[in-house]
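Notes follow, in the order I looked things up.

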Amino acid sequence: MFDFDALIKSLSEVGSTILAVLLIVVILEAFLYLILVKWLKTKNALVYMLISPAILGLLVLQIYPLVWEGYISMTNMSLSHFFNFDFIGLRNYVRVFTEPVLKQVTFFPLFWRTLLWTFINVAFHVIGGMVLALLLNREMKLRGLYRMLIIIPWALPQVVAAMAWRGEFNYEYGWINIMLKQIGLQPVQWLTSPVPNFAAMCIVNIWLGIPFMTVILLGGLQSISGEYYEAAEMDGANNWQKFWKITLPLMKPIMSPAVILGTVWTFNTFNISFFINQYELESSDILVTALFRAAFQYNRYGFSAAFAFIIFFILLGYSTIFAKTTGALKGVKD
Amino acid sequence: MTTSNATLEPSTLEQKQPKRRKTNFFRANHGDSKFKRLIIHLILIGYCIISVYPLLRIFSVSLRPGNRVLSTDLSIIPPDATLENYRLVIYEQGLLQWIWNSLAVTITTAIIGVIIAATSAYAFSRFKFKGRSTLLIYLLTTQMIPTAMLMVPLYILAINLGLVGTYRGLVIAYAVTSVPFSIWILKGYYDTIPTELEEAAIIDGATPLQAFWKIILPLSTPALAITFLFNFSQSWNEYLIARVILGSNEAILTWPLGLNRLMGQYLVQWGQYNAGAILVSLPVMILFLSMSKYMISGLTLGSVKG
């Protein structure tokens, strides 16, 4: 059950990795100190010494791979051309739109499905989260207990949740179909037919995402001063008006970053779609799972690199526009 | 509320304020009818059931004896409950080994990640320097990179450097993934600490670095704990990168990969999977739930501030 040699080996491997990282950081700092402080006598030397480990890490493990990926995306690299690949310019970028991305499915069905997936999920997360947060944001008995039970799905590891739900979508033995039968409805082919499978993905992801939004929004609600509501009451406002005229505007600084991040995270959610889609229906793939399959099941590295950049630019474009219109990034300029 | 309140002295209003703090929102609802309160409780209880039931099901399936794993029984504690699945998943499947592998990788990356983020977040919070806002926006932009996007270059790099099938490869691949978000969380927290504290220390002769070490870091313990937990949970729950980097090296599977093997397309160890899932999730969930208050405030601070 427990291999002692493996334990020692893993400890030494991990330990040596930590030591190597420490060594690199020390050398980097000493180098910067000599150059910035001793030689150039820069006033802001401390700043650069503080951020350099992060910058170096990101350069080596994010920027460099990305630049390299940019290069790969212009080659025909694949399993059969792993070492002897050729430069083919922007042809991969054209292919993403003109050829099937996987066996049959093409880019645009995947794209629309991903938009639908993102929209359904984020809408349910925000609306569900808002309703629960409003209900929880009042003096009442058992409030702490409700709050704790509601955030449980968030604390559950995503992989566990996805796999457990997949088991429960089983046609015969899953509780969902058993309950459907008990209330006299037809059981559903959750795992094998396209539309129910997509619905199953959404159900799981909504279940997982509502708790996070609830607590974020609850935190925001609690920071709103009661005076606003008192003033509104004196002016004879009803609850509905108070919600639209006070709560929502005051929640905007919390909601807009949460919605941006939520959208990006949902757009990029891999585990749920990948695991719930047990039989690899191409009709359930969203962009990121299709990307993974194109790269690691069909081994079209050059093609999938181009595909990855297209996905990235879609997200970047969305976030820029959203951030500009809502002013969610104002804090950066401070 | 009567109109006489409007003429109250400001001081009396302020005195009343602290008592109301907790109940201020939609205060009018405190005159709610019993019926309305009942409805609210029913909705909340309903949602609690939705959120907890799937978890109870995992528990319930994990207690089933091997020959009855597939059953249409809906009771939470099955009549012939047994811990056999727990024994099997620990002794026959090597769950402990998987957990150990995950812990080794996760703790290493979380420590590296927090140290890197804590120092750079201080620079972003306290100093104006060239390229600051560009860097901050870049850090946010990295949130938009799909994990699957970095997979191809990381995988090919790992092949070329001989890191496929090693812990080292996985630690390196994980190390910076949570750094950008951690920097945002910590910067948001540092921003709430008044600069006067450090200024006073610096007047007393401390260097900025000493001020950071002696004043900011101790004050930020909760935020550092949150960041650690955030980093921890990111790599603890990670499946995709581990699958690609560790590949088929049986000896060093992390628990998501190990558990996943129990759920193969043809051979499904449903009961053992659920037992393993309970054993893996419970400690993390308890940790999460006990820290959730701090985690949320950390996350909101990070996002509200920018």
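Reading chain B along its sequence, I get the pattern α-α-α-α-α-α-α-α-α-α-α-α-α-α. That is 14 helices and zero strands for chain B. I'm working from a predicted model here, so that stays in mind for everything below.

Next I checked burial in chain B. Of its 306 residues, 46% count as buried. Taking contacts with a separation of 6 or more, 75% are between residues 24 or more positions apart.

**Where B touches A**

How many residues of chain B are in contact with chain A? I found 101 residues of chain B in contact with 90 residues of chain A. Which helix of chain B gives the most to this side? It is helix H14, residues 270–304, with 17 residues. I then sorted the side of chain B that touches chain A by class: 68 residues are nonpolar, 27 polar and six charged.

I listed who meets whom. H2(A) brings A:Pro65, A:Trp68, A:Glu69 and A:Ile72, while H6(B) brings B:Leu150, B:Val152, B:Pro153, B:Leu154 and B:Leu157. By class, this contact has eight nonpolar residues, one charged and no polar ones.

**Domains of chain A**

Then I went over to chain A. The domain assignment gives domain 1 as 4–59 and domain 2 as 97–328. I noted 38 Å between the centres of these two domains of chain A, taken over C-alpha atoms.

**A closer look at A:Asn277**

Where does A:Asn277 sit? I found A:Asn277 in the loop of chain A between helix H12 (271–276) and helix H13 (287–296). Is A:Asn277 buried or exposed? The cut-off for buried is 20 or more C-beta neighbours within 10 Å, and A:Asn277 has 22 inside 10 Å, so A:Asn277 counts as buried.

For its contacts I left aside neighbours within four places in sequence; A:Asn277 is then in contact with A:Asn197, A:Ser284 and A:Asp285. I also looked up A:Leu221, which is 56 residues from A:Asn277 along the chain: the C-alpha atoms of the two are separated by 37 Å.

Key
Residues numbered from 1 in each chain as written. Chains lettered and ligands numbered in written order. Predicted model: local features only at pLDDT ≥ 70, side-chain atom pairs only at ≥ 80, totals over all residues. Helix = DSSP H or I, 4+ residues; strand = E, 2+ residues; numbered from the N terminus. Buried ≥ 20, exposed ≤ 12 C-beta atoms within 10 Å, placed from the backbone. Contact = placed C-beta atoms within 7 Å. Nonpolar A, V, L, I, M, F, W, Y, C, P; charged D, E, K, R; others polar. Domains from an automatic or database assignment.
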